[in-house]
Amino acid sequence: MCGIVGYIGKQKAASILLDGLQRLEYRGYDSAGLAVLSGEKFSHLRRTGRVKNLAQAAREHSLFGGTGIGHTRWATHGEVTEANTHPHVSSDEKFALVHNGVIENYLGIRKFLEGKGYEFFSSTDSEALVNLIAYHYAKEQNGTDRFFESVRKSLLHVEGTYGLGVLCLDEPGEIIGARKGSPLIVGLGDGESLLASDVAAFAHHTQNVVYLNDSEIVRLKAGGFSISTISQEDVEAVVQRVDWQVEESTLGDFSHYMEKEIFEQPTALENAMRGRLDEVNGTAKFGGLNLTASEFRQVDRILFCACGTAWHACLVAEYLIERFARIPVEVEYASEFRYRNAPLDKDTLVFVISQSGETIDTLAALREARRKGFRTLAITNVVGSTIARETDGGIYQYAGAEIGVASTKAFTSQILISAMVALYFGRLRDLSYQDGIVLIQALKNLPDQIRTILSEADHIQKIARKYADAEGFLFLGRQVMFPIALEGALKLKEISYIHAEGYPAAEMKHGPIALISETCPSLLFVNNDEMYHKTLSNLQEVRARKGRVIAVTTLDANFPKDLANDIITIPSAHEAVQPILASIPVQLLSYYIAKERNCDVDKPRNLAKSVTVE
Ligand code: G6P
């Protein structure tokens with residue numbers, strides 16, 4: 001949610017900032033801006049819309065100077081206007097600030113400063129902070145470290161969250177950054193230093209990074225940096241090397257990142273499995289769980305927390321772990337759990353799932369669980385993310401960078417890892433060696449089965465054309481296909497703006513059935529399982545009301561051809577991996593429908609990939 005980038009060094013800051021903003025655009029794309037220190041003033045440029053608008057404007061302006069900050073915005077306080085776009089400049093024009101997060105007490109700060117004669121030009125919470133810094137600076141007068149101290153003292157008055165970068169006209173050789181609740185990472189190059197919300201912004205400049213922790217403040221110079229806490233404790237900064245493949249974030253021959261990421265799934269899943277299947281013992285193994293087998297045996301209950309698509313992955317995990325390990329599982333929205341004060345048994349294991357590892361509600365749920373003394377584990381994709389650093393143990397997805405806002409390969413890799421977790425827990429309890437081996441084989445078959453589905457992409461695109469004018473859509477599935485129905489509906493609505501609902505197929509009768517019409521088709525998952533006949537009955541109920549039907553069905557279900565308007569056949573597989581296979585056609589269908597409707601697939605309106613505000 002909002003992307004920040006800062007640069008100080010010998011190169012032209014503006015072009016590095018613009019490049020970084022382009023790479024951070026997935027965090028928000030309502031508007032973008034930058035401020036560069038050149039001589040006596042800031043070169044300050046802001047534009048609504050995409051970073052490309054800002055880049056276009058930058059070509060028409062001379063933006064010299066080697067120190068600057070930039071921001072791409074996901075609007076919280078104030079509409080999408082140029083005045084509300086970051087960087088914000090203090091009313092004495094001495095400071096420029098970029099901010100990610102929410103200053104909750106901004107109204108009080110603003111009122112106080114207005115009383116002191118400070119002027120405000122935006123509706124943002126961030127402008128209150130830049131003027132508070134100016135106020136402290138004016139008060140400090142001749143103190144040493146005046147710039148640094150004014151930022152630090154201002155932050156002591158702030159309630160809320162921030163990742164920020166600040167420039168001061170009087171100190172052109174310095175950028176101050178700070179973090180509380182929103183990620184901030186320092187990059188250390190040769191005679192240059194960078195600051196960003198995500199390593200992706202600068203990984204092609206340097207892979208030497210320092211992750212800031214909450215309540216830390218950094219002073220960045222071209223030749224180095226120093227970090228302390230906001231309350232002035234020393235911090236021993238650890239410089240880490242990140243393993244980042246720059247080519248991962250390029251589009252190649254694909255039209256959109258979402259399409260590319262759908263097609264990357266066979267490889268993403270191979271990466272998630274690599275070295276983790278133990279055929280000798282018929283189980284799975286993970287390097288970073290930090291719990292012994294006997295500690296795992298004491299787990300009586302598992303609570304999963306997540307947001308968005310990752311929450312749907314948790315629902316699949318619930319089915320798989322209860323089915324194969326017979327451990328009771330509950331799933332909560334992280335945003336609800338963090339404030340619910342739910343009673344948890346002492347032998348509960350708290351598991352969070354987050355692609356980015358930065359979603360604030362998921363992070364807060366993790367912290368709440370840890371504060372109460374529960375053991376926590378996480379499944380995350382982004383190495384070094386805050387959740388990955390704060391959890392007791394975890395499993396990396398290794399799915400590669402996911403740029404498209406709508407999650408695809410991260411979702412299926414989360415389900416795959418959940419299946420491996422179910423296998424691991426199952427083998428610690430009642431799952432036989434033989435059953436373990438059968439599941440391992442099913443997992444190993446997955447990448448090729450997905451390739452088979454992907455080779456049917458043209459067929460799915462043809463179907464998508466027929467449904468692109470739908471006014472609404474129902475996604476219906478039973479048992480473990482229910483979460484896939486939820487995910488299918490989410491995928492379609494977020495990228496095509498067609499209202500869609502996911503429902504347990506039988507539950508559809510209790511409300512959504514009222515929506516069924518010629519313009520509201522239904523997609524049903526029909527597997528060859530114990531629910532087969534019951535699902536077909538639900539399908540008939542849709543058809544009886546003139547609802548068009550797309551059936552996503554397994555090869556062994558021998559689905560009667562005349563029962564659906566369109567049929568997508570997927571390979572038959574072990575029940576633990578069937579939800580992964582069923583996800584692929586639904587992703588493709590949503591993608592092609594959105595494309596047909598000329599939607600901005602990778603950057604759907606109002607959304608952001610990484611949600612770092614509550
Ligand atoms: C946002 C994204 C979703 C994602 C959710 C959780 O809403 O648009 O695609 O599922 O955040 O993100 P996380 O990084 O925690 O998985």
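The structure is a predicted model, in which local features need pLDDT of at least 70 and side-chain atom pairs count only at pLDDT 80 or more, while totals for chains, interfaces and linings use all residues. Residues are numbered from 1 along each chain as its sequence is written, and side-chain values use heavy atoms, with hydrogens and water left out.

**Sheet**

- An open sheet is formed by 8 strands in the order E3-E2-E4-E1-E10-E9-E11-E14, with antiparallel pairing.
- Strand E3 (41–48) and strand E14 (240–241) stand at the edges with a single partner strand each, so one side of each is left without a neighbour in the sheet.
- Strands (E, at least two residues) and helices (H or I, at least four residues) are DSSP runs, numbered from the N terminus; two strands pair if DSSP finds at least two bridges between them.
- Strand E2 (residues 31–38) pairs with strand E4 (residues 67–73) in the antiparallel sense over 7 bridges, and Leu37 stands opposite Thr67 in E4.

**Helices across the strands**

- Helix H1 (residues 13–24) lies across strand E1 (3–8), E2, E4 and strand E10 (193–196), and runs at about 155 degrees to E1.
- Helix H2 (residues 51–59) lies across E2, E3 and E4, at about 135 degrees to E3.
- The axes are lines fitted to C-alpha atoms, for helices over the stretch in contact, and the angles run from 0 to 180 degrees between N-to-C directions; contact means heavy atoms within 4.5 Å.

**Helix H11**

- The 12 residues of helix H11 (residues 360–371) should span 16 Å at 1.5 Å a residue, and the end C-alpha atoms are 16 Å apart, which agrees; the expected span is 1.5 Å times one less than the number of residues.
- H11 is mostly covered, with 9 of its 12 residues buried, where buried means under 20% relative accessible area (1.4 Å probe, protein chains only).
- Among the buried residues of H11 are Ile360, Asp361, Leu363, Leu366 and Glu368.
- The elements covering these buried residues include strand E17 (301–306), helix H10 (334–340), strand E19 (348–354), strand E20 (375–380) and helix H12 (386–390).
- Gly373, which follows H11, has a positive phi near 90 degrees.

**Cysteines**

- The count of disulfides is 0, a disulfide being a pair of cysteine sulfur atoms within 2.5 Å.
- Cys314 has its closest cysteine sulfur in Cys305, at 7.4 Å, too far for a bond; Cys314 counts as buried at 0% relative accessibility.
- The sulfur of Cys520 is 17 Å from the closest cysteine sulfur, in Cys599, and this is too far for a bond; Cys520 is also buried, at 6% relative accessibility.

Definitions and conventions: Buried means under 20% relative accessible area, exposed over 50%, partly exposed in between (1.4 Å probe, protein chains only).
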